[in-house]
Protein chains: 2
Amino acid sequence: MGAATVTDTPHPFDPLSLDEIETAIAVVRKAHGIDLYFNVVALHEPRKAEMTAWLAAPESAPRPQRIADVVVIAPGNKVFDGLVTLDEPKIIKWELADGEQPIITMEELQLVEHIVRKDPKVIEQCVISGISVDDMDKVFCDPWTIGYDERFGSSVRLQQALMYYRPHIDTCQYQYPLDFCPIYDADKMEIIAIDIPEVRRPLSTAPAVDYHPAAVEARGGYRNNLKPINISQPEGVSFSVTGREIEWQNWKFHIGFSYREGIVLNNITFNDKGNVRPIFYRLSLAEMVVPYGNPEHPHQRKHALDQGEYGAGYMANSLSLGCDCKGAIHYLDAHFPTRNGQSRTIKNAICIHEEDAGILFKHTDFRDDSVIVTRGRKLIVQQIFTAANYEYVVAWVFHQDGTIQPEIKLTGILNTYAMNADEDTHGWGTQVFPGVNAHNHQHLFCLRVDANVDGPDNTVFVNDAVPGEAAVGSPENYYGNAFYSKRTKLATTGEAITDYNGATSRTWEICNPNKLNPYSKKPVSYKLVSREALTMLPKEGSLVWKRAAFARHAVHVTKYRDDQLWPAGRHVPQTSGEPSKGLPEWIGDGSESIDNTDVVLWHTFGVTHFPSPEDFPIMPAEPMTLLLRPRNFFAGNPVMDVPPSYASTPSQLLAQGSGVLDAADKISKLAFSNVNGSNGDSCCATDGNGNGVSNGH
Amino acid sequence: MGAATVTDTPHPFDPLSLDEIETAIAVVRKAHGIDLYFNVVALHEPRKAEMTAWLAAPESAPRPQRIADVVVIAPGNKVFDGLVTLDEPKIIKWELADGEQPIITMEELQLVEHIVRKDPKVIEQCVISGISVDDMDKVFCDPWTIGYDERFGSSVRLQQALMYYRPHIDTCQYQYPLDFCPIYDADKMEIIAIDIPEVRRPLSTAPAVDYHPAAVEARGGYRNNLKPINISQPEGVSFSVTGREIEWQNWKFHIGFSYREGIVLNNITFNDKGNVRPIFYRLSLAEMVVPYGNPEHPHQRKHALDQGEYGAGYMANSLSLGCDCKGAIHYLDAHFPTRNGQSRTIKNAICIHEEDAGILFKHTDFRDDSVIVTRGRKLIVQQIFTAANYEYVVAWVFHQDGTIQPEIKLTGILNTYAMNADEDTHGWGTQVFPGVNAHNHQHLFCLRVDANVDGPDNTVFVNDAVPGEAAVGSPENYYGNAFYSKRTKLATTGEAITDYNGATSRTWEICNPNKLNPYSKKPVSYKLVSREALTMLPKEGSLVWKRAAFARHAVHVTKYRDDQLWPAGRHVPQTSGEPSKGLPEWIGDGSESIDNTDVVLWHTFGVTHFPSPEDFPIMPAEPMTLLLRPRNFFAGNPVMDVPPSYASTPSQLLAQGSGVLDAADKISKLAFSNVNGSNGDSCCATDGNGNGVSNGH
């Protein structure tokens, strides 16, 4: 434990190395010329059949080949999808993706602002807004994909520029939104149109309220009443890392990183008393969509599918010790191509650390105050990505008891639009600051669960907590207290299109019907417990409903197929949603059996955000979370062997405390030694007289 | 900051001191004899009108009197409710509570097991179960209130004894449940009946799987791969305490402790830039009920209203440094009467500490990687209580941004019942271990929110996230993306009887309609965000439905009245629910206006638990939580003055990083210095070249 080993040969799940990226680029350039923009050079994931054979017998089975998935834009805005083998470098696939727009890179986004500032028609609009022509350096834009705009279709590569102004370079621009929206043609590198609203909203003249240190100092300075909390691990961490495989508290899994999904966890297993049991083949956030609820044109275009359109990997922050997490941290870097065919590294794109998790279990016997109290620990694999104004903190939290807890925190800054002083927001937004309308929006995430619960053949059930059917007063339910968990099998992809039901505290059970728990005789399972399921509010038939079909329901289940990774499709920018890509294509007529086979569960969760002034100018983090919990998976509590902080038994108390286990943390101390009655030296002391009256324990 | 002051005069909200308890007992004994059992001697809370006058002008307004609320059982099982003034000791109220049963004390529970073991009919049943008459010292029982059993009514004070066996004194008895249930008369101190099932279930012979250290050692010992995580606060804590009033990060409130509700928080205010704004007059968990779902007699009696029947205060654990929480801890003791008219102290019944809360806010500008990252802190006021088999960890978490987060963790041990090897549980329970049937159950908690949002006159609204009404394609909603927060005023107590709606992500808004946010022009409010709302599964008309009426709906709202504290009534044991006590009485015909007046919101939340073998023999903690969030309450983000860990601005990066604020925690370090590329010395380093390509920041 507590060691890290660097591996020479890449694991088949490893993201491409810098060398591999460069090799792929070189091969492509040799074949197709140097005049290419590289949007993607990433791991083409191993075919599952090959990979599972290799995982089962790495010594004897063939090692899956390393293959690069390449997407380039060639002159004339021609998009090509390619595959390049890396062991023996060659192109094995090269296809024109006609009329499709690949992911927009950070570099493409960076280009727009400079062009916007120089465009005469934009300058004209700035002047109309009240900005001097000499102040165009104070005009900024957040370039977004256009989503889909029927006036332009899918063939022209476009961005829309959400416009802002900064009175000072350090001022938060979201306080000064402008009311017009230029449209940028990425191929021509020019502004081809400007959407101008009928009602004009001149530049706000409200004084700024900024969050940067100079602004805070000017308002009276920082609070000085926070004493440090130091977190240290003098003996190091409790996990070990081999390449990108991590082992911690019976867990073992591979940590990948995709330009698109960010963190990808593969081959998640749990060592159950020597029996290494598979649970998930692959876990990731596979897509998301952030629809805004203001129906006025062109705000319908604000519905970023951030992962498919920009990439949670491409937008990853480089993380820092003591800032983004505390304690003893292990980082993993991310490697990507540059647009022009170089490579780049995001240092510390992933951080891995442990945290104390509070009480893992406790029980006191009220008769004699004999007690056991054991503290838990969690492992956190985290990334943060910045999608223009918003920050997403994505953490995969592993618990010792077999629970996996994906957790997302939203922070950063609201997307804002200009409003006039007397303007009615019509309920589609909130004035969070003078002249600033923050529109209602949702954050809908799609968790992709490639299940492998004790093997690949799994079935998904819906579990609803319901009263017994028999009436109050009937012999079967005389006192009316009967209730049970109603299980409904989702036998086909059509049946599996399911929504959350808060009234029944609905959960989804991913079980292996071929393996029964020895005691409960129920199938071993992992249960999806998600109270953050929500309804996508754009209506049926709406643009968002068509483009982000995955978000129409809380859960979909499909039969596993290679390359069905991204539920809004492979190339997402400027899809029209006619027909909807991704999940609806894979589900088809809904008749395919998903019973006792290799299945993938897709879960939509998130939050609906009606902004409020306390979210502005920067938003205190808002967390959301869900659980993947073992149920009937283990034969008993899997954490009884975690050392307790304190344990006394009835017989020990009868023997005046002889043999009591006291391993309480001796670092903790009383806050105020002058006023506490107890001195803090003895942990969980009990008088052992068993009367249970004078003290708790 | 970081100081504690002891006060001489009790605060009007303070629980009774040992002296005050003893004074009240002495007065009562003098008047009514020494032959009394004291079930309650507790603070009779100040009348709100007097108290708010005093809080507004403590120098000039009359200080509310100290009064003891006393409940005694006199000979002949006669229950008396009394009030005793303490400044000038005298009884000001003394009333017979005819046919009512006051709370059952720990001491009363402790008496039963000894009597059960000696009862010949119990011994007979033990022998039938397969226990030797010589092994009656291995027979244990968890005495519960009988709830309500129509055969015995409410006048006889009863307990039911849930029976268990321990092959060894240290063995977890819940592995060996017995199938019969003696009924104990507390007045006669004898067993008056035994419920014996038709189908008998002899004592299990399965070998025990225990969680105590000797058992774990015998199975191979504890895991040795957890390295310590040390949490220290070398400069002390960031809160100060005066008596039982705490100040932390703009929060100020009084921490009381009731025999019944446990932690009671009063007069919660937030210092908003010098303006001390009231938010809640009183917050507590006011009641709970744990119905079990097996309809077979007598399991319907298992539906503990733990707070009204036993008391979350009376059952409180004495907490310990480094076991129940880590860091620098401040404890508060609890003082109670003993049954025989003495006093007792639970040392460290409440713990108070701070924790690092991860990222409070962060934003990176994608143009130039200028960044701010600020860590949050939380304050936790916590207690743990043991209700026979279960442990409840109740934490009141305060965040710097104005959010209050009540959080409950369930741990301890499942209530279990015997089952035969070939028995069908009929879905009402799960075999979690050979011969052990753990019945389905719910934990329903009632959060009582005595609102005071910028003053006492508040109104509650339901907020539903819904699509705009206009059809897709219509001019008002052409692209179909319109959505908004639909506010529905709960104008009367009848209208306020509301359920959760998962499909609309329903929240409840407690607002002050007389005060508008300066920017949003919406009423200042606190929003109840609770995704753990659930349906009470015992049916309408069932025993539980009648007795625990508060749990029928997610939210009720009443007009404030003194003494309407406990929603299942004042004396809960053996209530029949005919008529239902507490909330239904206060709501009446539902016509009372609760618009713009002093209101109390009652919220039911919790979890439905279908047991599983991994919960046994001791249950890994299962958390649930909800939020009380400021919305439109502040004019802006209230935590911008929390010192950041790191902050750089665009102008600083243009100036080669001059002036960048780097206050990152220097205690954090790399997990493995040998394999990380970065050396960990520089925090949030950026190359400052603003190309946003080579590094995140």
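This is a predicted model: local features need pLDDT of at least 70, side-chain atom pairs count only at pLDDT 80 or more; totals for chains, interfaces and linings use all residues.

Trainee: What is the area buried between chain A and chain B?

Mentor: About 17600 Å², with carbon and sulfur atoms giving 57% of that area. A:Arg223, A:Tyr479 and A:Phe483 supply 5% of what chain A buries against chain B, more than any other three residues.

Trainee: What makes the pairing of B:Asp615 with A:Arg631 a salt bridge?

Mentor: Their closest N and O atoms are 3.0 Å apart, and the cut-off is 4 Å between a side-chain nitrogen of Lys or Arg and a carboxyl oxygen of Asp or Glu. The pair therefore qualifies. Between chain A and chain B the count is 16 salt bridges.

Trainee: Now to the strand: why is strand 3 of chain A called largely enclosed?

Mentor: Buried means under 20% relative accessible area. Eight of the eight residues of strand 3 (residues 67–74) of chain A are buried, so the rest of the structure largely encloses this strand.

Trainee: Which residues point each way from strand 3 of chain A?

Mentor: A:Ile67, A:Asp69, A:Val71 and A:Ile73 point one way, while A:Ala68, A:Val70, A:Val72 and A:Ala74 point the other way; all are buried. In a regular strand the side chains alternate between the two faces of the sheet.

Trainee: How do you know that strand 2 and strand 3 of chain A pair?

Mentor: At least two bridges are needed. Strand 2 (residues 37–43) and strand 3 of chain A have six, in the antiparallel sense, and A:Ala42 has A:Asp69 as its bridge partner. Strand 3 also pairs with strand 4 (residues 78–85) of chain A, antiparallel over eight bridges; there A:Phe80 is the bridge partner of A:Val72.

Trainee: What do strand 3 and strand 4 of chain A form, and how many residues lie between them?

Mentor: They form a hairpin with three residues between the strands, and A:Gly76 in the turn has a positive phi of about 85°.

Note on methods:
Residues are numbered from 1 along each chain as its sequence is written. Chains are lettered from A and ligands numbered from 1 in the order in which they are written. Side-chain values use heavy atoms; hydrogens and water are left out. Buried means under 20% relative accessible area, exposed over 50%, partly exposed in between (1.4 Å probe, protein chains only). Helices (H or I, at least four residues) and strands (E, at least two) are DSSP runs, numbered from the N terminus. Buried area is the accessible area (1.4 Å probe) that two parts lose on being put together, summed over both.
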